[in-house]
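Thanks for coming, everyone. Let me put the structure up, and then we'll walk through it piece by piece.

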Amino acid sequence: MSVNVSDVSNNKVPNATISINQKKFKTDSTGKGTFAIVAGTTNLAVTSVNHHPYALKLFTTADTTIYIVLQMRASLLGNVTVTTSHNVVRNQTGVQTISGAQLRKIPVVLGEIDPLKTITLLPGIKSGGEASAGIYVRGGGPDQNLVLLDGIPVYNPNHLLGFFSIFNGEAVKNVEVIKGGIPAEYGGRLSSVIAIDTRDGNKDSIKGSGGIGLISSRISVEGPLVKGKSSFIISARRTYIDQVARVVAAERVGGNGYYFYDINAKADYIVNSNNHLAFTLYTGRDRFSFDNSRTQPAGRSTLFQTYWGNTLAGISWRQQVSKKLNHETSVVFNNFTLDSRFGAPASTFLFTSGLQDQQLKTNWLYTHSDWLKLKAGGQYIWHRFKPGAGGITSGIQEFKSQVSDQYAREAAAYISSDVNVTPDLNIIAGLRYSYFNQVGPTRRIAYDNDGIPTGEVQQFSKGQSIAKYHYPEPRLSILYKLPNTASIKASYTRTIQYLHLATTSGATFPSDLWVPSSELIKPSNAQQVSVGYFKNFKNSTYEASIETYYKVMNNQIEFRPGAQLLLNQNLEGEMIFGSGKAYGVELFVQKKQGKLTGWVGYTLSRAERKFAQLGDGKSFPYRYDRTHDLSIVANYPINTHWEASAVFVYGTGNALTMPTGRFTYNLGYNPGDRQPIFTNINQYDKINDYRMQAYHRMDVAFTYTRKPNSTKRIKSSWNFSIYNLYSRANPYFIYIEVDDEKKTVQGKQVYLFPIVPSVTWNFKF
């Protein structure tokens with residue numbers, strides 16, 4: 001017998017508990033479960049968090065498929081909760097899930113729903129700060145997170161230089177973060193998996209939703225293609241700061257402006273009870289321009305334009321091959337591009353970069369019995385890297401510089417077993433084996449055995465092998481259930497990363513530059529051990545956990561001071577290689593039921609880096625090392641019309657390197673007046689030995705629904721939010737100001753956001 005579980009919006013319900021004659025099972029990620037039963041009367045019950053239970057009695061004489069639709073609990077729809085996917089019984093450390101409905105309740109800057117900003121409220125996950133594009137998971141860098149949209153990798157998940165992510169809240173079904181105990185089917189990144197799933201459309205009728213905010217609007221339309229079998233959903237979003245500015249201040253704005261847009265589309269088709277097809281499409285762009293020709297004298301104007309964005313597409317086929325075997329096979333495409341132009345009337349500098357992937361992957365699950373499940377699969381990726389191209393024109397002279405594209409093949413295969421050794425002991429053991437091959441056509445700088453450029457250029461033909469790597473990646477997770485709804489979990493994970501993000505904190509405009517592993521750039525690797533205690537209280541009203549982890553990382557990349565990243569054929573020569581480690585303790589307490597819901601997360605951690613060429617080879621704090629990190633999230637329905645939510649965050653200030661002194665250096669004499677020429681040179685001691693002030697902030701939001709029980713087709717609500725309620729001046733960066741006349745040196749702090757109110761009108765039809 002097969003059981004398919006979904007909700008009223010036709011979203012699949014994974015990890016639902018199915019009880020058949022008092023014997024319990026779980027549905028898989030697609031909401032499906034397949035079980036062997038004997039002919040006759042069967043008592044079936046289905047339960048899932050935030051859903052009403054469902055029970056029925058069947059009389060079966062042959063194999064059958066049952067479709068069950070669970071009703072959402074109305075009293076829980078407005079709660080801000082993080083579903084830890086069966087906190088005690090799921091054998092996986094460091095995993096948490098936030099639903100799309102929950103995302104829309106948390107106050108954010110300017111009212112924009114943002115999954116990536118929201119997950120930084122969870123322990124072990126840190127943001128680089130306001131307007132930072134990076135997410136730092138357990139001491140890893142921003143390029144060490146595998147960000148997936150319906151299984152499609154996303155290389156730049158940010159809009160507006162990191163203010164917002166590319167994920168439209170109207171399209172998001174849920175967000176799952178795995179920061180420890182990463183399953184064998186995932187690979188290619190060291191630190192985490194951030195999987196964003198989009199919603200399926202409604203298969204019965206046309207529905208819509210959206211919102212109009214201060215800086216952007218969004219809309220989503222969904223409905224059936226073939227009623228009961230196929231559906232679609234299209235979501236779109238655009239900012240309109242540029243349009244408003246040109247209306248109210250056309251003269252001052254001129255050619256300056258910024259906007260972004262994105263479009264999500266998804267279609268699914270139920271071929272029959274055993275076959276299901278789904279198609280996902282995303283496209284989004286950021287466009288920024290600066291032109292001061294109206295305010296500057298002729299010949300002194302500056303033009304800067306940059307465009308960047310992602311295009312993603314994928315089709316997946318899920319099949320129930322037999323009662324015990326099912327698979328999912330996907331073909332996906334993703335393309336990240338960045339184009340910038342910077343110049344003056346007499347010259348123009350062009351820069352382009354990007355990364356394009358074509359990928360085939362398959363996963364197979366075999367349920368042998370109640371105590372044994374086997375999973376296996378593989379993937380193949382063809383990478384094309386565009387590391388940059390540019391040109392400078394001046395008068396009739398023209399100079400062009402071309403940096404060669406690079407290509408690589410990446411593949412992996414895995415197998416894992418899920419074994420219930422005893423009713424209380426579960427072990428998941430897996431092995432992933434990955435392979436990477438950088439190939440031609442390309443040209444590169446030749447290096448000697450010490451990694452020093454020889455001055456020669458090597459040319460590689462199409463398909464010619466340049467560098468080849470392959471590594472095993474073992475994974476192990478252990479769960480031991482304790483009495484009174486508690487458990488102990490432990491995991492070991494080894495991960496390999498073959499792609500690297502070349503960027504510096506000093507970049508003045510978007511400059512993401514992905515590069516492959518090569519003969520000189522070795523793959524990065526990490527090993528992590530995690531142990532945790534998990535406990536539920538008061539009939540799972542409260543969930544609590546404490547986890548500790550230790551992670552070591554090798555072949556970490558930094559750039560030499562003053563490194564030139566753009567238009568550099570010798571980019572490898574600008575890199576230095578070292579190691580890192582991170583360790584810490586994470587506490588998490590969540591209240592899931594009742595009027596007041598929310599969570600408290602706290603992390604005590606340390607993240608370090610070590611490079612032979614920096615700081616005399618001594619370990620130093622990673623820039624985003626944060627000793628203390630606290631987040632509190634709460635949601636409370638005041639009455640039938642008003643709901644309130646609040647967020648408070650506190651974190652140790654970021655580490656940075658500040659000068660400890662300065663001296664004056666004589667450069668020589670001016671031949672005109674024979675006066676000496678001096679320059680000031682800063683002196684530095686240790687790397688990242690200075691801390692910014694602590695970061696803390698409180699946000700609040702109130703949602704007003706005038707007629708919550710209205711039966712009209714169009715329903716609406718107002719969301720009022722305040723970001724940074726008490727206007728904390730959190731440091732964005734610090735710079736040094738020197739007054740030569742007064743002979744003083746003073747550090748000054750720059751911050752971005754004071755108190756920021758916003759209002760959004762949300763609607764459904």
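How many residues lie between β18 and β19 in their hairpin, and which residue in the turn has a positive phi? Three residues lie between them, and Gly228 has the positive phi, about 85°.

Some ground rules. This is a predicted model, where local features need pLDDT of at least 70, side-chain atom pairs count only at pLDDT 80 or more, and totals for chains, interfaces and linings use all residues. Residues are numbered from 1 along each chain as its sequence is written, and side-chain values use heavy atoms, with hydrogens and water left out.

Helices (H or I, at least four residues) and strands (E, at least two) are DSSP runs, numbered from the N terminus. Two strands pair if DSSP finds at least two bridges between them. Strand β18, residues 216–226, runs antiparallel to β19, with ten bridges joining them. Ser217 stands opposite Arg238 in β19.

β19 has another partner. Nine bridges join β19 to strand β20, residues 257–272, again antiparallel. Here Arg238 stands opposite Tyr261 in β20.

Is β19 mostly covered or mostly open? Mostly covered: seven of the ten residues in 230–239 are buried. Buried means under 20% relative accessible area, exposed over 50%, and partly exposed in between, with a 1.4 Å probe and protein chains only.

Next, the cores. A nonpolar core is a set of buried Ala, Val, Leu, Ile, Met, Phe, Trp, Tyr and Cys residues joined through side-chain atoms within 4.5 Å. In soluble globular proteins, nonpolar side chains tend to be buried together. The largest core here has 34 residues. Ile119, Phe167, Val175, Ile194 and Ile196 have the most contacts inside it. Elements giving it two or more residues include α2 (115–119), β11 (145–149), β15 (172–178) and β16 (192–198). β15 gives the largest share, three residues.

Take Ile196. Contact means heavy atoms within 4.5 Å. Leaving out residues up to four places away in sequence, Ile196 touches Val147, Leu148, Leu149, Asp150, Phe167, Val172, Asn174 and Val175.

Now the surface. β36 (524–537) gives the most, three residues. Val585 lies in strand β38, and is partly exposed at 30% relative accessible area.

Last, two single residues. Asp7 sits in strand β1, residues 2–7. Is Asp7 buried or exposed? Buried, at 12% relative accessibility. Beyond four places in sequence, Asp7 touches Val13, His51, Val69 and Leu70. The C-alpha atoms of Asp7 and His51 are separated by 8.3 Å, with the two 44 residues apart along the chain.

Thr362 is in strand β24, residues 347–369. Thr362 is partly exposed, at 21%. With neighbours within four places set aside, the contacts of Thr362 are His327, Glu328, Thr329, Ala376, Gly377 and Gly378.
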